[in-house]
Amino acid sequence: MSDSERELFGGPLRYDTGWSDHEWAPLELGLLSSVRAMPRMVAGTLRLAWRTDRPALVTVGIAEAGQGLTAALSLLVVNSVLGSLLSGGSAADRVSDALPALVVGAVVAVVGALLASWSTSAAGRLEPKVERAANEEYLRAAVRVELEAIEDGEFRRLIDTAQYGPPSARNMIGACVATMNGAISLLAVGGVLTVLHPLLLPMLLLIAAPRGWGAMRVSQRRYLSVMAWVEHLRASRLIAGLLTSRSAAHEVRVHGVGRFLLRHYRNMAESAETEATRLARDKAATELLAAALSGVAALITYGTMAALIMSGRMDLAVAGTAVVAVRSGSASLGSLVVTTNSLHEESLYVRDMERFLAEAGDRSIPYGGRPIPEPTKVITLEDVSFSYPDRETPALTGLSLTIPMGSVVALVGENGSGKSTLVKLLAGLHLPDGGRLAWDGVDIREADRDQIFDRVSLLTQDFERWPVTARTNIEIGRPDAAEGDLDAAARYSGADRIAETLPKGFHTLLARVFRGASELSGGQWQKFGLARAHYRDAQVIVVDEPTSALDPESEIEAFDRIRGLAGERRAVVLVTHRMSGVRHADLIYVLHEGRLVEQGDHESLLAAEGRYASMFHMQAEQYGHGARAGNGAVPRQAGATARDGLPVDTSAEETV
Ligand SMILES: Nc1ncnc2c1ncn2[C@@H]1O[C@H](COP(=O)(O)OP(=O)(O)OP(=O)(O)O)[C@@H](O)[C@H]1O
């Protein structure tokens with residue numbers, strides 16, 4: 001770590017995401033522990049593949065076992081050929097003796113090649129299927145979990161890590177096939193050697209073990225080097241990004257941050273180079289040590305073999321076969337180490353995904369439940385309380401109120417008073433901790449939640465700006481509708497006029513990052529949001545701060561339109577800090593610290609001179625219009641609007 005990393009970031013720059021927990025995974029396994037962990041990892045992959053495409057898996061299995069058999073057969077062929085070549089007689093006789101075995105060897109080699117390509121094609125078929133199946137399982141589980149799980153930081157980390165599960169499951173197929181291949185060839189070679197001479201197998205292990213250890217160590221060193229580079233690279237990319245970013249451009253120039261960061265950039269590059277040199281030296285030393293150990297083992301093995309041959313206890317042909325076997329066996333072991341390592345790393349992500357699926361299953365929104373009467377007449381809350389898991393003070397306490405259909409209900413209160421939380425409870429996104437929330441007498445805990453979702457239209461402050469076309473941005477309000485009235489929805493909110501100005505009208509992509517796309521202003525987006533809420537055509541329409549980005553004229557229009565959404569069978573629940581929008585609501589609920597403190601219509605609440613009245617007057621007085629003089633009437637014609645769209649008392653204005 002460089003001084004600059006210490007000074008700028010307080011240490012190495014590591015991500016605080018779920019996947020970063022596994023960044024060091026390849027260093028966790030030693031030679032023995034990887035052998036021990038192999039059956040578990042292979043079994044996990046096989047289970048996944050079995051669920052996805054059994055014929056392909058069986059094909060891979062047969063082809064791999066067949067390849068093991070061909071490896072064993074080819075060793076026996078080598079033994080037989082060497083036996084013929086080293087026997088007595090003329091050279092021509094010896095070669096013609098060896099000919100049948102050579103032909104068998106050629107056939108075995110062809111069969112082996114065919115089996116290898118059969119296995120490759122079946123594994124290639126299996127891999128994308130496994131990834132797709134795992135991806136679908138992951139995404140299906142993710143969209144069904146309760147909102148509370150989504151808001152839980154630990155669970156979010158799990159969702160984040162689990163997204164790497166599907167590609168890892170795919171990679172595991174390849175790694176598993178390679179591991180199986182290595183293990184089967186090793187077994188085949190071991191089996192043949194044992195048959196040829198009982199001492200040959202221990203000799204193979206003796207010579208192959210240092211190679212395996214060396215391969216494992218070199219791969220770990222290489223990984224360590226990559227990781228050291230990654231952290232440096234990450235830090236220098238961050239600095240380079242800041243130096244060229246638009247948002248930092250002002251301070252980079254005026255405050256001299258450019259010079260400061262450039263100095264650190266150079267400092268980090270220098271220490272990265274020093275580290276790279278050190279690692280290269282270390283790697284070379286490890287490789288040398290592994291080669292020396294392997295050389296010593298080879299010396300012992302070949303020395304023993306020579307002694308055995310000279311004492312007549314080993315046939316020369318067997319010794320020749322053993323040399324070939326030892327070479328191919330140690331190569332198999334080397335690649336086995338590498339593939340087991342990657343199998344281990346990938347399996348960690350697959351395990352995370354399995355953990356996610358299990359937890360998501362426990363935290364998912366249940367299917368089915370009691371049906372809700374159609375159409376709903378009223379939503380009632382009786383003594384409802386709700387706390388967020390990580391908060392000590394409840395967000396809502398003892399809340400009793402009703403939302404009758406056919407009315408406009410406004411929720412007002414200071415920041416953090418619980419309005420948005422109440423909205424989430426109404427929409428069925430959270431369940432109350434205490435009390436009862438019922439749709440026409442059906443408690444939400446027992447109700448069919450999908451039916452509730454179906455009857456709610458949600459336009460929140462941070463409603464989604466989908467990176468799709470303008471048209472789909474409205475139609476996504478009810479994505480499965482056979483045919484909705486797009487024109488009426490767009491006309492309703494004024495989105496039609498915005499679409500006219502877009503290069504491809506309603507077919508314009510709304511996402512600045514893509515070529516040919518357009519971006520809307522905040523207020524224009526809100527009009528699309530309103531159109532979406534209209535298009536959804538639901539029974540309960542919840543609008544949370546719908547006008548914060550609108551200009552005064554549009555805001556007044558928007559409030560009129562939102563009120564217009566209410567019908568005999570519909571209710572509009574309006575959350576806003578703009579008191580001008582609240583005035584015409586049929587019912588106003590005033591929340592304070594999670595409790596309902598006042599309720600009534602605008603006139604009665606003003607007359608009560610309580611919290612609502614003081615909030616209303618305070619907002620009006622801010623603009624110096626002496627709202628207390630009148631009843632706080634808000635002009636409904638754009639011409640008489642205050643410049644910022646806040647309540648204006650026209651009679652007071654005349655006085656002023
Ligand atoms: N996802 C959350 N996790 C934990 N606490 C939350 C969460 N959302 C809101 N809260 C807390 O619950 C309380 C009520 O918040 P809520 O968002 O319902 O208030 P609000 O009246 O809508 O506020 P605002 O006017 O600022 O939108 C606050 O104390 C807030 O900090």
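How do the residues of the shell around the ligand divide into nonpolar, polar and charged? I looked this up and got two nonpolar, seven polar and four charged. I sorted them this way: Ala, Val, Leu, Ile, Met, Phe, Trp, Tyr, Cys and Pro as nonpolar, Asp, Glu, Lys and Arg as charged, the others, Gly among them, as polar.

I noted that this is a predicted model, where local features need pLDDT of at least 70, side-chain atom pairs count only at pLDDT 80 or more, and totals for chains, interfaces and linings use all residues. Residues are numbered from 1 along each chain as its sequence is written.

I then listed the shell. The ligand is surrounded by 13 residues (C-beta atom, placed from the backbone, within 6 Å). The closest are Y388, N415, K419, S420 and T421.

Next, the sheet. I found an open sheet of six strands with mixed pairing, in the order β6-β7-β8-β3-β9-β10 (strands are DSSP runs of E, at least two residues, and helices runs of H or I, at least four, numbered from the N terminus; a pair needs at least two DSSP bridges). β6 (456-459) and β10 (595-600) are at the edges with a single partner strand each, so one side of each has no neighbour in the sheet.

I checked one pair. β7 (residues 540-544) and β8 (residues 571-575) run parallel over five bridges. D544 has V575 in β8 as its bridge partner.

Last, the helix α17 (residues 522-536). It lies across β6 and β7, at about 180 degrees to β6 (axes are lines fitted to C-alpha atoms, for helices over the stretch in contact, with angles from 0 to 180 degrees between N-to-C directions; contact means C-beta atoms, placed from the backbone, within 7 Å).

Definitions and conventions
Two residues are in contact if their C-beta atoms, placed from the backbone, lie within 7 Å.
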